[in-house]
Amino acid sequence: FQPREAGKVGLYTCGPTVYKDATIGNFRTYIFEDLLRRTLEFIGYEVTQVMNITDVDDKTIREAHSRDVPLSEITEPVIEHFFRDLALLKIERAEYYPHATEHIPEMIELVQRLHEGGYAYKKDGSVYFSVSSYPKYGKLSGMKLESLARGVRIDADEYEKEDFRDFALWKGWTEEDGEVGWDSPFGRGRPGWHIECSAMSRKYLGEEFDLHTGGVDNIFPHHENELAQSVAATGRKFVRYWMHSAHLMVEGEKMSKSLGNVYTIQDLLDKGYSMRAVRYVLLTTHYRQQLNFTDEAIKAAYHSIERLDTLVQAAESANGDGEVRSVLAEYIEIARKGFTDALLDDLGISEAMAALFNLVSSVHRLTNEIPLNRAEGSVILDFWKDVDRALGLLIAEDQDIPEDIYELILKRIEYRANRDFKMADKIRLDLENQGYQLEDLKGETVVIWHGGRKTITKSF
């Protein structure tokens, strides 16, 4: 991997279509992207990540139409749930979450450029990308241009892989769209799904950037179409590296409504699953391997996490004076190298975790003879926290905050909501004096204390 600019990475990750809550299949991809982002930061890169919010497309409009409500009544609650779920799974926030409905001018401008360049044509109030005008179409997915049906147009945002046709950049307004629509040089309408990502990535990352990710189901048609229209419009490479995660299965079967195995994060909470265990399962299968989400996998995750936690417990309970034994320092360096080398090799998470489990075993064997002293405990905790920057897993967040502390935090959130920053700052200082550090993010507060971290989402 060589970024365009030394020390910096531009990363675009396909986000949710907010007509219903994201499933664990979606979060399999989001967790892979989180590991990618964290690993890049772990090795010293400054990452600028963009994750789009698709809040206008066929699905969102269809859902609003079926319920006879404005589009925003469908999308806004789903977006709120999405950010809650990100926090529950300790997925780091992207720098930008652009909403499609807030970037219509950028999309119109890109469609105009494609039309003026001879890559698009108007038909019945819509604008279509002419696949035959772009000879490199199929470069990403392996689809052959000669197999495409010439002159055939398709208006659906999503279609089956055998439908290799011209696709809509701008869709002319129809009665089914209801109040959803924007005026444009092509007439009133709305953007096609694919043009949304091209326009938003261009605005926040430029005409060429480093990494674009998504699930394998995005490769065709979505990413193929993104690539074609972006290169045609700008003449630039668009993306230097593409990464795609494999599908998630549930109990060995594909997720489907008919099987009743399409689970959201709320469904897993209702089952009583620990979000730390869910993150472990979604994280620890290599992103290019199919993941089978099962009750047995969750049970195994509990045991694995419990074993990892024994090292933290031993380090935190260490007492007595003394220097760090050379053999312990060697164990830690071996673990650090094994962990880092594995992640650098295409995010080799299995080997990375093996390096950490080997350290746990080595330390336990060593301490059977002589317990850890405080200096050794401190060194182990420092290492554990360092590698957890890449994993977001090792430092437990499931611990409860004392009730009086929790009430103070909620009171502070209420003061901030009411713009009483003087009282909010006073509570922050009081909490810091008690060992609780607060980090305010959009719509949530992260609480960090010795050995624990918790995200609180609350609005007033």
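Alanine 120 sits opposite phenylalanine 129 of strand E4. This is a predicted model, so everything I say about backbone angles and contacts refers to that prediction.

Staying with that pair of strands: E3, residues 120–123, and E4 run antiparallel and are joined by four bridges.

E4 itself covers residues 126–129. Ser126 and Tyr128 point one way, Val127 and Phe129 the other, and all of them are buried. E4 also pairs with strand E6, residues 166–172, in the antiparallel sense, here through three bridges. In that pairing, tyrosine 128 faces alanine 168 of E6.

Next, positive phi in the loops. Lysine 90 is not a glycine, yet its phi is positive, near 60°. Where is lysine 90? In the loop between helix H3, 71–88, and helix H4, 104–116. Lysine 90 counts as buried because its relative accessibility is 15%, and the cut-off is under 20%.

Aspartate 346 also has a positive phi, about 60°, and is not a glycine either. Aspartate 346 belongs to the loop between helix H10, 326–344, and helix H11, 349–367. Is aspartate 346 buried or partly exposed? Its relative accessible area is 26%, so aspartate 346 is partly exposed.

Last item, a peptide bond. The bond from phenylalanine 220 to proline 221 is cis, with omega near 10°. Proline 221 is in helix H6, which spans residues 219–234.

Technical notes. Residues are numbered from 1 along each chain as its sequence is written. This is a predicted model: local features need pLDDT of at least 70, side-chain atom pairs count only at pLDDT 80 or more; totals for chains, interfaces and linings use all residues. Side-chain values use heavy atoms; hydrogens and water are left out. Helices (H or I, at least four residues) and strands (E, at least two) are DSSP runs, numbered from the N terminus. Buried means under 20% relative accessible area, exposed over 50%, partly exposed in between (1.4 Å probe, protein chains only). Two strands pair if DSSP finds at least two bridges between them.
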